[in-house]
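Hi,

Here is the structure I promised to pass on. Please have it open while you read, and my notes follow just below.

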Amino acid sequence: MPANRFFLNTPFKEGEHVLLEGNEWHHMARVMRVELGDRVELVNGQGALAVASVLEHRKRASLLVLNSVSFVPSGLKLGLAQSLVRSSKLKLVIEKGTELGVTDFYFFLSEEGEVKVAKEKQKWHEVAMAAIKQCGRLHMPRFH
């Protein structure tokens, strides 16, 4: 499991300066206590992995420079069809499916399904983002 891996939804270019903000910044600066000059890994969910150095900590963001960028093309496609169930159970399906390599989740409404769960797509993205950081994947799964 990569310890210092953070998600940044932007294309990477070697030598570029990027700003890490929000929850990812909080996790890096406050939880992991990454210091100036430390190296971290950044993923963007599109197959890019960047090794970056921390240049500056600001009040609610950190400035990093991308030292190296590598790209891994997506390999095998794996889809999972799942009925919409309770939110807590669906998050578990997304987390474990992502860790196991699912590239596409297909959700459908069944007789026993929960309609309100379909509105939680942003939460699904956050769960998948945490899972790709933890298991070392570089590609974010798609939700259909």
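What follows is a walk through the fold, sheet by sheet, and then the pockets.

Two things about the source first. This is a predicted model, so local features need pLDDT of at least 70 and side-chain atom pairs count only at pLDDT 80 or more, while totals for chains, interfaces and linings use all residues. Residues are numbered from 1 along each chain as its sequence is written, and side-chain values use heavy atoms, with hydrogens and water left out.

**Overall layout**

The chain has three helices and eight strands. Both kinds of element are DSSP runs numbered from the N terminus: helices are H or I with at least four residues, strands are E with at least two. Along the sequence they come in the pattern β-β-α-β-β-β-β-α-β-α-β. Taken along the principal axes, the C-alpha atoms fill a box of roughly 55 × 35 × 20 Å.

Five strands make an open sheet in the order 1-3-4-5-2, with mixed pairing. Two strands count as paired if DSSP finds at least two bridges between them. At the edges sit strand 1 (5-7) and strand 2, each of which pairs on one side only. Neighbouring strands here are turned by 45° against each other on average, direction ignored. For angles in this email, axes are lines fitted to C-alpha atoms (for helices, over the stretch in contact), and the angles run from 0 to 180 degrees between N-to-C directions.

You can follow the sheet across from strand 1:

- Strand 1 pairs with strand 3 (residues 39-43) in the parallel sense over three bridges. R5 stands opposite E41 there, and F6 has L42 as its bridge partner.
- Strand 3 pairs with strand 4 in the antiparallel sense over five bridges, with V40 opposite A52. These two strands form a hairpin with four residues between them, and G45 in the turn has a positive phi of about 80°.
- Strand 4 and strand 5 run antiparallel and are joined by nine bridges; L49 stands opposite S70. A hairpin of three residues connects this pair.
- Strand 5 pairs with strand 2 in the antiparallel sense over five bridges, where H17 has V65 as its bridge partner.

Which helices pack on this sheet, and which strands do they touch? Helix 1 touches strand 1, strand 2, strand 3, strand 4 (48-57) and strand 5 (61-71), and its direction makes about 90° with that of strand 2. Helix 3 touches strand 1 and strand 3, at about 155° to the direction of strand 1. Contact here means heavy atoms within 4.5 Å.

Strand 6 and strand 7 (residues 104-108) pair over five bridges. On strand 7, F105 is the bridge partner of L80, and F107 is that of Q82. From strand 6 the chain crosses through helix 2 to strand 7, in a right-handed β-α-β crossover (with the strands pointing away from the viewer, the path from the first strand over the helix to the second runs clockwise).

**Pockets**

A word on the method: on a 1 Å grid over the protein atoms alone, a pocket is an open set of points where a 1.4 Å probe fits, with protein on both sides within 12 Å along at least five of seven lines, and lining residues have an atom within 4 Å of a point. Grid points are joined across faces, edges and corners, and a volume is the space filled by probe spheres set on the points.

The largest pocket holds about 270 Å³. It is lined by 15 residues, and S74, L76, T103, R137 and H139 lie nearest its centre. Its lining divides into five nonpolar, seven polar and three charged residues (Ala, Val, Leu, Ile, Met, Phe, Trp, Tyr, Cys and Pro count as nonpolar, Asp, Glu, Lys and Arg as charged, and the others, Gly among them, as polar).

The second largest pocket has a volume of about 190 Å³. Its lining includes F7, L20, E24, Q122 and M129. Strand 2 (17-21), helix 1 (22-31) and helix 3 (121-135) each supply at least two lining residues.

Best wishes
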